[in-house]
Amino acid sequence: MEKTINRRDFIKTTTATTAGVATLATGITLTTFVNANENPVTNEKRWGMLIDTNRLTETDIDGMVGACQKEHGWGSDKLSTGDQKASWIKKLKVKDTATGRISNLALMCQHCEEPPCVDVCPTNASMKREDGIVLVDKHLCIGCRYCMMACPYEARSFVHEELTDQKEHMPRGKGTVESCTMCVHKVDKGEQPACVASVNSDAVIFGDLYDSSSKINQTLKKVQSTQIRADLNLNTAVRYSGI
Amino acid sequence: MNRWIILFFSLIMTGAFAHGQKTHSLGDEAHSIKDSGKTYHESISVIRKMHPEFLNHKRDKTLREGVRTEEYSLKGCVTCHATKKDNSNDYHPVNSEGQFCSTCHKKVATSVDCFSCHRTTPAQGAK
């Protein structure tokens, strides 16, 4: 039997097939979005933090430091002394000399959009991920400490001694520079950084700065906030209100 | 005649010792996978030859791009290839004498640099 196909049937079949393929394609796209960890991070997001110094108590800050130490395993280095000690996040007291008002800050890597540490690194070890998190690639770090000198926030530390029993998710070793990773291993799983999770109130908010529905984005639109050393035009991802 | 017997026995003993050491250093979980007849790596010869490349590629993907899949993750290597100490819940560091990494690396005199930073045993609570 000779098979003939008229114009109407042809259009019907083609439309059905196209619709089928489209449905399938949508399904695939959805799946890839669900398994975000299989795909490289993109610059559609920029992770940031807003710290409200009016609401953040000294106990909160100590809690944040403790949570960071516990999460990443720093702070118990036996042989390092004084300035050699690791300090990924620190408590800072700032005083307004005119009024005498004292504020307490938690200061860590500010995850700049234009990070000076990345500019000066001779081996490309100091790097910024597409989603704005600034990291040290210890595989490439030669321990020259240029980045430590370049950082206006003194956020980086150098490991002076041999270490064992590191955390599984946080390799640390002698001769490399390290700093706050914004708990990148947790963020990639959709969790909050350890220091943010340790604060019970809304004094520290973490989220995507670009997402207009995120809490951090909406709060930043409403409240007065500032970057530390905003004059350097680094566009930091960690912002402060109340100072 | 005696000489031949001694030679024969020493060969048998060497074989047995080498075999014993090999299975011992394979690691607890890798051993149980092997015993169950399953394979984890597609080809042993490929993983033996190519594991530095796989790990280097994976490290860049993970650190720089945030791709955190299990395939070729160093954490995965350590989890499977670590051996528990006798009568203890603690593990031998995977790079220590006679353990999985050091057995070959010592033989070919290539130092392993991974473990100056990376953890050498599975984390507490890991399977």
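Chain A comes to seven helices and nine strands, where helices (H or I, at least four residues) and strands (E, at least two) are DSSP runs numbered from the N terminus. This is a predicted model, in which local features need pLDDT of at least 70 and side-chain atom pairs count only at pLDDT 80 or more, while totals for chains, interfaces and linings use all residues. Residues are numbered from 1 along each chain as its sequence is written, and chains are lettered from A and ligands numbered from 1 in the order in which they are written.

Of the 243 residues in chain A, 33% are buried. Here a residue is buried if 20 or more other C-beta atoms lie within 10 Å of its own, exposed if 12 or fewer, and partly exposed in between, with C-beta atoms placed from the backbone. Among the contacts in chain A with a separation of 6 or more, 62% link residues 24 or more positions apart; a contact means that the C-beta atoms of two residues, placed from the backbone, lie within 7 Å.

Now for the sheets. Three strands of chain A make an open sheet, in the order β8-β1-β9 and with mixed pairing; two strands pair if DSSP finds at least two bridges between them. At the edges sit β8 (204-208) and β9 (238-241) of chain A, each of which pairs on one side only. On average, neighbouring strands in this sheet are turned by 20 degrees against each other, direction ignored. Axes are lines fitted to C-alpha atoms, for helices over the stretch in contact, and angles run from 0 to 180 degrees between N-to-C directions.

Strand β1 (residues 47-52) of chain A pairs with β8(A) in the antiparallel sense, over five bridges, and A:Leu50 stands opposite A:Ile205 in β8(A). Helix α7 (residues 215-222) of chain A lies across β1, β8 and β9 of chain A, at about 115 degrees to β8(A).

Elsewhere in chain A, β2 (residues 89-95) and β3 (residues 102-108) run antiparallel and are joined by seven bridges. One of the residues involved is A:Lys93, whose bridge partner in β3(A) is A:Asn104. The two strands form a hairpin with six residues between them, and A:Gly100 in the turn has a positive phi of about 80 degrees.

What about the interior? The largest nonpolar core has 51 residues, and those with the most contacts inside it are A:Met49, A:Ile51, A:Met64, A:Ile89, A:Ala106, A:Met108 and A:Val204. Such a core is a set of buried Ala, Val, Leu, Ile, Met, Phe, Trp, Tyr and Cys residues joined through C-beta atoms within 7 Å. Elements of chain A that each supply at least two residues of this core include β1, α2 (58-72), β3, α6 (194-198) and β8. Leaving aside its neighbours within four places in sequence, A:Ile89 is in contact with residues including A:Met64, A:Val65, A:Ala106, A:Met108 and A:Cys195.

B:Ile47 has its place in helix α3 (residues 44-65) of chain B. B:Ile47 counts as partly exposed because 14 other C-beta atoms lie within 10 Å. B:Ile47 and B:Tyr72 are 25 residues apart in sequence and 9.7 Å apart in space, C-alpha to C-alpha.

A:Met182 has a positive phi of about 55 degrees although it is not a glycine, and is found in the loop between β7 (177-178) and α5 of chain A. A:Met182 is buried, since 27 other C-beta atoms lie within 10 Å. B:Ala109, also not a glycine, has a positive phi of about 55 degrees and belongs to the segment after α5 (100-107) of chain B. With 6 other C-beta atoms within 10 Å, B:Ala109 is exposed.

As for how the chains meet, 20 residues of chain A are in contact with 14 residues of chain B. The side of chain A that touches chain B has five nonpolar, five polar and ten charged residues; Ala, Val, Leu, Ile, Met, Phe, Trp, Tyr, Cys and Pro count as nonpolar, Asp, Glu, Lys and Arg as charged, and the others, Gly among them, as polar.
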